[in-house]
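Please take a moment with the sequence and the model before reading on.

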Amino acid sequence: MGNNSDAHFDRRRFLVGGAVAGIGSVAAAVLHDGELGAPPQTLRGAVPWVEGTADAPPGASGTGYVFFAPAEALFIEAAVARLIPNDDVGPGAVEAGVPYFLDRQLAGRFGQGDHYFLGGPWPKGTPEQGYQSRFSPAQLYRAAIAAIGKYVGSTFNGVAFHQLPAADQDTVLKGLESGDIKLDDGVDAKAFFGMVLQNTKEGYFSDPIYGGNKDMAAWKMIGFPGAHYDYKEWVTRHGERVPFAPVGFKGRPGWTEGQT
Amino acid sequence: MTTTLKPVDAVLVGFGWTGAIMGQQLCDAGLSVVALERGPWRDTATDFATGFAQDELRYMWRHHLFQNVTYDTLTIRNNSNQQALPIRHLGAFLLGTGVGSGGVHWNGQIFRFLPSDFVTRSHNEQRYGRKAVSDYDLTVQDWGITYDELERHYDAFDKLCGTSGKAGNLNGKIMPGGNPFEGPRSSEFPTPPMIQTYAPTLFGKAAAELGRHPFPNPTGNLSQAYTNPLGAQLGACTYCGFCEKFGCGNYSKASPQTTVLPYLMTKPNFTLRTECEVLRVELTGDRKRATGVTYVNSAGEEFFQPAEMVILSAYVLQNVRLLLLSGIGKPYDPATGEGVVGKNYAYQTMSSVNVFFEDKILNPFIGAGALATVIDDFNGDNFDHSGLGFIGGAYIAGMVTGGRPIEMIYTPEGTPDWGLQWKHAAARNYLRSFSIVVHGSCMSHRGNYLDLDPTYQDIHGRPMLRMTFDFSDNEHKMSDFLTDRAAEVARAMNPREIKVNRRKGSFSVVPYQTTHNTGGAIMGTTPRDSVVNKYLQVWDVPNVFSMGSGAFPQNAGYNPTGTVAALTYHAAREIVSRYLRSPGPLVQS
């Protein structure tokens, strides 16, 4: 059998019931979202519970980019490859599927600014006051990638970021990180760099249902066994390696082949 | 148009820990009670089942259980010379919402404050002189209540939760294995302490070698199955390492869901309305009595809920805001020091020391929210502060709450935040490192306060709350001294290296610190210097009671929930035993 994870035994399906049928599909989220809740409810006499409404996670689905335009994807793939490069120790961000993860995050609620307050006015704040942009994350990515393109083009004789040698790419990224590079069009370079780095680590280390951490290779690299439920027998086994292979919400690669 | 509803005996504004406890107490006394919660209903099986609860991205980083600041946030500045700007994305503290609220996604640390913590002003003044409590413009006060008065209520909360721990002081007798500095307990913990994993064990050994007094942290993550006095059943914790910021799918973490709701929701005199946000408390013309609350639901319909009693049981920041929006009590003015509502906002002063081993596999993913070995030798006034230039202290904890890899990878001093070097450091150190937490007190300060923002509004068009806060020199000195003590223990563990993360500079909303916001609706002995009396009854409007950590005149070096719950039980007992017979002020001003 191939390595198509959709065909794999999904142990979690049995735990959460029918709502998870087709994890990542929109159907489950429509049934119940533990955050958006529902119309106002009046509850009396019992603990309410409705079958088949588990608040299943909104995983990624489909192939290809839906948010990034081709030129944006070239920048993102090149940038995250420098943030987490590939080598024998463990996967790089690209190998772990981070660009695809970012694409789905930006196309979804996170990108739209859910859990961000974006109302005005928008004066510049102190560093202690945190994010103070009018842009939602999706808007910030779009504006920043374009502004970085302009900066790189004018600094490196018309060459695009992804065409630069790695050392020059790192120089640009460090300039964004420190804020030494000033970007046009109202883009706060430091805020953007901080967000991309954070989101890259999220894609690298989050559950594979969100599209990154391919084959849980980032978890394997550090020795995190994933979404294990019970470590009771290991609590007192001080200093021993826990030998479990990583497991995610949809099980782990290999289960359907009867391998260990 | 506002629809007026049938009057009730009591309305609860917000339905987390304090709402659940107060609801249970008042319903048992036979009152008709309506709770209004602005967030959704949440239960274990539907909302944080074991099949998907361990999701670091969704719960920690996408804030799935937290207040959505898109609709309502607060503004922040470090001092009154700055313009306050909205917290556009939660960071330093992670506000709860929904049924259970912060009681769902907390770590489950169930501490009691020290007896001396309740008399911060008089105790320190007596021992160290007047300057100790007035330097740095400190505005610390006594609470107007003693540890001894609260003990039975702390005990009630322990029995509700099934707290796992070991008593260090049982009826005045110091017991081996517990915290020798704690106030006397009237009974042993309901369940034995959790078993310590490797890193906390190493921490405890090193601390003991230095002459400190390590003990297992009291936990609301249960070491064994437990049935509480309300008949609610909790299971033994499996050490999955997903507590803080997460709901427990295993019924192992004490929460309103696991301890109170199975009982309270079946009471015929209790009604819960979710997705209903209270806009203000309504008062009579003379402003001496509340008539009920006005709220709006998620469909946009507005209601007036008449009530004999209004219990503010939302989070501290919402309680204070509702007092200000409703015109209850005199707002605090930092220029004159007059007024009380919003006064003495405080926080928690956090720092840490990362410890890196070469040869020891710590398995940090085996954890629980409160799983730690702790020393209390330098908390509160457990040590002589003479000549140190500060009051207060911290507990120091060898704590492994879990090993969630986006949040909890520690890298040595000098490691960049990205690139091959970062990746190699992450791969090398994840299994071999952990963090010692320094959980410090935060004294109140003249310039730290809460009021209404003049510019920014929430989705209902109401002014946002404005927070003006920074750490005073007292806090910086305390934190430096305590961080040095933590580093001593770290070095005594003989690690390859350590990294000391001091509390530097001004308060920032960006990095997560703790969701332990306190003050603004403080308790005390007179209406001149406090908002509520020792029964959390508002001096100016005696049928309004304000629950929660807003009552703390300053914050101690402990997690607040145990004290918040004890104060709630204390208030409920007085309401039921005295107030209902003769509604009016429970303390004469």
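Helices (H or I, at least four residues) and strands (E, at least two) are DSSP runs, numbered from the N terminus. This is a predicted model, in which local features need pLDDT of at least 70 and side-chain atom pairs count only at pLDDT 80 or more, while totals for chains, interfaces and linings use all residues. Residues are numbered from 1 along each chain as its sequence is written, and chains are lettered from A and ligands numbered from 1 in the order in which they are written.

Chain A holds 9 helices and 1 strand, and along its sequence these follow the pattern α-α-β-α-α-α-α-α-α-α. Of its 260 residues, 43% count as buried, that is, with 20 or more other C-beta atoms, placed from the backbone, within 10 Å of their own.

Where chain A meets chain B, the contact (C-beta atoms, placed from the backbone, within 7 Å) takes 76 residues from chain A and 81 residues from chain B. Among the elements of chain B that each supply at least two residues to this side are helix H8 (198-209), strand E11 (270-274) and helix H12 (420-429). Two strands pair if DSSP finds at least two bridges between them, and here strand E1 (residues 41-43) of chain A is joined to E11(B) by 3 bridges, running antiparallel, with A:Thr42 opposite B:Arg273.

Within chain B, an open sheet of 4 strands has the order E5-E4-E20-E19, with mixed pairing. E5 and strand E19 (449-457) of chain B each have a single partner strand, so one side of each is left without a neighbour in the sheet. Strand E4 (residues 74-77) and strand E20 (residues 463-468) of chain B pair in the parallel sense over 4 bridges, and B:Arg77 has B:Thr468 as its bridge partner in E20(B).

Methods:
Two residues are in contact if their C-beta atoms, placed from the backbone, lie within 7 Å. A residue is buried if 20 or more other C-beta atoms lie within 10 Å of its own, exposed if 12 or fewer, and partly exposed in between; C-beta atoms are placed from the backbone.
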